[in-house]
Amino acid sequence: MENKHWWQQVVVYQVYPRSFKDSNGDGIGDLKGITSKLDYLKKLGIGAIWLSPVYKSPNDDNGYDIADYRGIMDEFGTMEDMDNLIAEAKKRNIRIVMDLVVNHTSDENKWFVEAKKGKDNPYRDYYVWADPAADGGAPNDLQSTFSGTAWQYDPASNQYYLHLFSKKMPDLNWQNPKVRHEVYDMMNYWIDKGIGGFRMDVIDLIGKVPNKKITGNGPRLHEYLQEMNKNTFHGKDLLTVGETWGATPEIAKLYSDPRRNELGMVFQFEHVGLDEQPGKSKWDLKPFDVEDLKRIFAKWQNELDNDGWNSLFWNNHDLPRIVSRWGNDKEYRVQSAKMLAILLHMLKGTPYIFQGEEIGMTNRTVKDISEVSDIESRNMYKERLAEGYDPKDLIHSINVKGRDNARTPMQWDESVNGGFSSGTPWIPVNPNYKQINVQDALVDNNSIFYTYQKLIQLRKDNPIIVWGDFELLKTDKEVFAYERHYQGESWLIVNNFSNNEHVLHLPDIKPGEMIIQNYDAEIKSLDNLTLKPWQSFVVKVVG
Ligand code: GLC
Ligand code: CA
């Protein structure tokens with residue numbers, strides 16, 4: 001990579017506004033709440049906030065269904081609050097990255113309200129319409145990510161419209177240049193406000209060709225992104241990250257090779273599928289194997305080395321909490337959360353932290369579907385129940401993989417509702433907030449928070465972390481060890497990814513200065529070193 005950008009050198013923190021901090025007691029997190037916590041984020045050391053959507057929305061999918069891209073959701077505050085958040089963040093050297101959701105809108109967006117009025121409405125072509133099949137049914141068998149058919153019948157015009165998510169989220173028609181230029185204008189409106197960039201929601205779907213049943217990675221996808229780049233953020237050095245579920249390293253390079261003028265980086269999800277049965281859905285579970293993770297991370301590290309850029313993440317608002325998922329959220333919660341942090345933050349790429357990850361927040365458990373808020377989980381439950389699945393198994397899958405796990409309120413302190421809200425939270429706080437909260441983390445020098453803080457500082461101080469090469473080392477299956485190399489210097493990163501002790505045997509590597517660790521160990525030799533459960537350390541290599 002030729003030019004060095006700020007977004008390659010920072011750590012990004014994702015805020016899910018609904019669940020971060022409620023400033024007025026209505027039980028819903030809001031913009032003023034976020035602004036009130038900027039000093040906390042500054043202390044952590046992050047350089048940017050990815051803000052999940054704050055635009056006007058009827059909240060069928062918590063803001064990912066946008067009714068007005070230039071307005072703020074009433075529950076979250078006003079445009080003045082938004083401008084203030086951008087300005088206050090800037091004072092602390094934190095940039096605000098907006099969530100750009102332009103594969104679809106809400107059905108309450110004025111474009112769709114117009115489009116529905118009839119076939120000759122000027123907005124009709126903003127969306128994807130198709131005539132019924134010969135039998136009067138859906139035009140084809142495209143499925144929605146949120147279960148069931150992706151087509152919704154509109155009786156007034158005797159046509160169907162496409163929705164790859166809920167039926168209240170009609171898909172925009174990117175083949176229409178008017179749609180594309182509306183989106184670019186809107187992006188420029190936000191760029192002019194001084195934001196730090198965009199996270200682009202399911203951007204791999206905008207090139208869809210529905211009548212050919214092509215959704216992801218459509219034929220004109222990269223043409224659109226190059227056009228978007230040219231018309232909006234080109235030359236402005238903004239952070240741009242695409243959410244691209246099906247990306248392979250080859251595809252990721254198409255997006256993020258700087259010579260192609262598309263995006264800065266993408267979120268790839270290959271590791272995210274590791275506890276799912278191949279070819280099935282996220283709900284069909286299988287045991288996780290560390291060997292697979294090593295193989296996949298090593299592949300991405302090496303393949304995107306020179307002509308692309310990685311984003312690094314364990315969590316986001318769609319994923320279960322990593323310490324519950326692949327760590328141990330019981331007796332080794334602290335050690336495993338720190339190990340996961342060290343493993344990820346020593347890799348090459350831009351790390352993302354999801355709110356609460358820095359204090360080791362865990363999944364929450366529900367007993368019954370009535371406790372589930374998320375539309376994706378609820379729709380899946382309904383569909384599979386009808387297909388004859390055992391409700392117990394469905395609730396188990398929801399507890400393991402459901403999106404509500406990430407969306408329980410941020411746990412700030414021991415007070416009522418974990419200090420998130422003085423009212424009734426829109427979704428219940430995880431009952432463990434008395435044991436796991438920010439206030440306790442800040443007074444404990446040994447907390448997970450300070451491991452994250454140190455990792456972020458190390459990244460600022462050591463170019464080897466940002467720019468160094470990656471090399472996977474051969475070790476026991478459950479040990480993930482690698483080296484980074486930069487300008488003659490080498491660092492060794494060792495992670496025991498298990499509840500068991502493992503013997504590390506790397507006799508040729510001489511350990512030097514300790515950089516960071518999650519136990520209080522002195523590493524004198526790597527010749528038959530017994531690693532404690534979840535032990536993790538980073539040392540300089542001598543010689
Ligand atoms: C993305 C978002 C998810 C949302 C979906 C539809 O995957 O991360 O939360 O439901 O797109 O916008
Ligand atoms: Ca509020």
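Biologist: Hi! At roughly what angle do the axes of helix α5 and helix α6 cross?

Modeller: Roughly 40°, with the axes of α5 (residues 177–192) and α6 (residues 221–231) coming within 10 Å. Bear in mind that this is a predicted model, where local features need pLDDT of at least 70, side-chain atom pairs count only at pLDDT 80 or more, and totals for chains, interfaces and linings use all residues. Residues are numbered from 1 along each chain as its sequence is written, chains are lettered from A and ligands numbered from 1 in the order in which they are written, and side-chain values use heavy atoms, with hydrogens and water left out.

Biologist: And how are helices, strands and axes defined here?

Modeller: Helices (H or I, at least four residues) and strands (E, at least two) are DSSP runs numbered from the N terminus. Axes are lines fitted to C-alpha atoms, for helices over the stretch in contact, and angles run from 0 to 180 degrees between N-to-C directions.

Biologist: Are α5 and α6 parallel or oblique to each other?

Modeller: Oblique. Angles under 35 degrees count as roughly parallel, over 145 as roughly antiparallel, 65 to 115 as roughly perpendicular, and the rest as oblique.

Biologist: Which residues make that contact?

Modeller: From α5 there are R180, H181, Y184, M187 and N188, and they meet Y224, E227, M228 and N231 of α6. Contact means heavy atoms within 4.5 Å. By class, the residues divide into four nonpolar, three polar and two charged. Here Ala, Val, Leu, Ile, Met, Phe, Trp, Tyr, Cys and Pro count as nonpolar, Asp, Glu, Lys and Arg as charged, and the others, Gly among them, as polar.

Biologist: Now α10 and α15, what's their angle?

Modeller: Helix α10 (residues 333–345) and helix α15 (residues 448–461) cross at roughly 15°, and their axes come within 9 Å. That makes α10 roughly parallel to α15.

Biologist: What does each helix bring to that contact?

Modeller: α10 brings R333, V334, A337, K338, A341, I342 and H345, while α15 brings I448, T451, Y452, L455 and R459.

Biologist: What about α7 with α8?

Modeller: Helix α7 (residues 249–256) packs on helix α8 (residues 290–303) at an angle of about 40°, and the axes are 10 Å apart. P249, E250, A252 and K253 of α7 meet K299, W300 and E303 of α8. Those residues divide into three nonpolar, no polar and four charged.

Biologist: Changing topic: which residues hold the calcium ion (ligand 2)?

Modeller: The protein donors are D22 (OD), N24 (OD1), D26 (OD), I28 (O) and D30 (OD), lying 2.3 to 2.4 Å from the ion. Donors are N, O and S atoms within 2.8 Å of the metal (3.2 Å for Na, K and Ca), and water is not among the atoms, so sites may look incomplete. Along the chain, the donors of the calcium ion follow the spacing D-x1-N-x1-D-x1-I-x1-D.

Biologist: Is D22 buried or exposed?

Modeller: D22 is buried, with a relative accessible area of 4%, while N24 counts as exposed at 52%. Buried means under 20% relative accessible area, exposed over 50%, and partly exposed in between (1.4 Å probe, protein chains only).

Biologist: What does E75 touch?

Modeller: Leaving aside neighbours within four places in sequence, E75 is in contact with R18, D26, I28, G29, D30 and N59. Among these, D26, I28 and D30 are also calcium donors. E75 lies in the loop between β4 (68–72) and α3 (79–91), and counts as partly exposed at 30%.

Biologist: Where are V202 and N217?

Modeller: V202 is in the loop between β9 (197–200) and α6, and N217 lies in the loop between β9 and α6 as well. Phi of V202 is near 25°, a positive value in a residue other than glycine. For N217, phi is near 50°, again a positive value in a residue other than glycine. V202 is buried at 7%, whereas N217 is partly exposed at 33%.

Biologist: Last one: where is S377, and what does S377 touch?

Modeller: S377 is in helix α11 (residues 375–386) and is buried, with a relative accessible area of 1%. Not counting residues up to four places away in sequence, S377 touches W283, V372, I398, G402 and R403.
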